[in-house]
Amino acid sequence: MRFVLFYSTVESFNYFTDRIVEELKKRNHECFILDLTNSTQDESHSFKAFTEFLSVRADAAIGFDGIGLKDDMFIELWDSMDTVALNILMDHPLRFHPTMQKHPRNYVQFCCDDNHVDYVKKYFGGTVGRVEFMPHAGTYNGKLNLEGYDKRPYDVLFSGTYYRPQGYLEQIDNTFKDNELLRIFYHNLAEYMIDNNSITTEQAVLDVIDMMELSLAQEQVKQLFRFSEPIDWMARMYYREKIISIIAEAGIDIWLLGRGWENHPSANLSNVHIINDRVPFARTLPVMAEAKINLNVMPWFKAGTHDRIFNILLSGSLPLTDSSEWLKKHFKDKQDIVYYKLDACEEIPQLIKYYLDNSDEAKAIIQNGFDIVADNYVWSNIVEQLIRNV
């Protein structure tokens, strides 16, 4: 078959695109990657080369978060060829309402959380005919190597960005400066999500609507979902900030890899080490492999996955993460993974110290988790699911 994929300004998506192309080519499929950041160049990823590739019909176009699929030009193009548009969402579908309402005719949407699939079916079932769960994928680089585990330079690493939680509330205040009711609604939502950290963003919206005794039509509710994105981010960052603070204040050395950590309240402590603020996604993986324990804070996916967990295990490190319904079904606590609870964050330092002191137990868990991920949650599995939908 013949596939079109895309490079964009999202560097991690470009890395994922390369992994998919590698797997498709192993199966002898033809692939073309259009570089949307520099499509006028006279090179292999240009619009000129793209046009030449499409002199023969493309069977499928694969995009992340609607890239290469959602613009009018691409909708018309894929419809004219009856090309299957395969859209892999890496975040909550509440961010992608316009794409779900307007997309190529032959359209399949993948979500990384079972709740997200239900959300699409309930609120966009009329416009998205095909939606299914697709887990994230980790990058498999061969056999697990735990030699030298005890001599790794980083005890605990967190790889990810940090932004001040308060900034998202300020964003809401600016967006709705002329609408006091909506400002109050989203401030209530922020407080509710922090206090009720086991429920989804969409359920929190519905609960706050009930608490405020608002009477709304479904389209109005969908609008509240759509504009709750900053609060969804605020909740993630609140717990990133809190967890890193708890670890730092316990005197544990922690290394931080990603943007924004210089703004964290604990950034000036001597046991908080900021490695780098901008590292390409591919280069974060070998850094993960230099840590005994890698911390993860789920992005409010209450029945979903995250590639960070899979890559931690494939890198031969111990994942310490909050859970989700999906994770609990597939990875057993203290056997294949180690879980903490968002409402018991104060226990995290104790867990870290235990596994630093008991590295044989940590290595046994890593081995078990590695085997699960290598067999089920790598890019070859994703490509098989994509092919089934063409």
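Helices (DSSP runs of H or I, at least four residues) and strands (DSSP runs of E, at least two residues) are numbered from the N terminus. The model is a predicted one: local features need pLDDT of at least 70, side-chain atom pairs count only at pLDDT 80 or more, and totals for chains, interfaces and linings use all residues. Residues are numbered from 1 along each chain as its sequence is written, and side-chain values use heavy atoms, with hydrogens and water left out.

The protein chain holds 16 helices and 12 strands. Its C-alpha atoms occupy a box of roughly 60 × 55 × 40 Å along the principal axes. The radius of gyration, taken over C-alpha atoms, is 22 Å, which agrees with the value near 21 Å that a compact globule of 390 residues would have; the globule rule is 2.2 Å times the number of residues to the power 0.38. Of the 390 residues, 58% are buried, where buried means under 20% relative accessible area (1.4 Å probe, protein chains only). Contacts are heavy atoms within 4.5 Å. Among contacts between residues at least 6 apart in sequence, 66% join residues at least 24 apart.

Because 16 of its 21 residues are buried, helix 10 is largely enclosed by the rest of the structure. Just after helix 10, Gly251 has a positive phi of about 85°.

A cavity is a set of points, on a 1 Å grid over the protein atoms alone, where a 1.4 Å probe fits but cannot get out; lining residues have an atom within 4 Å of a point. Points are joined across faces, edges and corners, and a volume is the space filled by probe spheres set on them. There are 3 cavities of 30 Å³ or more.

The largest cavity has a volume of about 90 Å³. Its lining has 15 residues, with Ile88, Met90, Met134, Pro135 and His136 nearest the centre. Strand 5 (107-111) and helix 16 (379-388) each supply at least two lining residues. By class, 13 are nonpolar, 1 is polar and 1 is charged. Nonpolar covers Ala, Val, Leu, Ile, Met, Phe, Trp, Tyr, Cys and Pro; charged covers Asp, Glu, Lys and Arg; the others, Gly among them, are polar.

Strand 3 gives the most to its lining, with 3 residues.

Note on methods. Buried means under 20% relative accessible area, exposed over 50%, partly exposed in between (1.4 Å probe, protein chains only). On a 1 Å grid over the protein atoms alone, a cavity is a set of points where a 1.4 Å probe fits but cannot get out, and a pocket is an open set with protein on both sides within 12 Å along at least five of seven lines; lining residues have an atom within 4 Å of a point.
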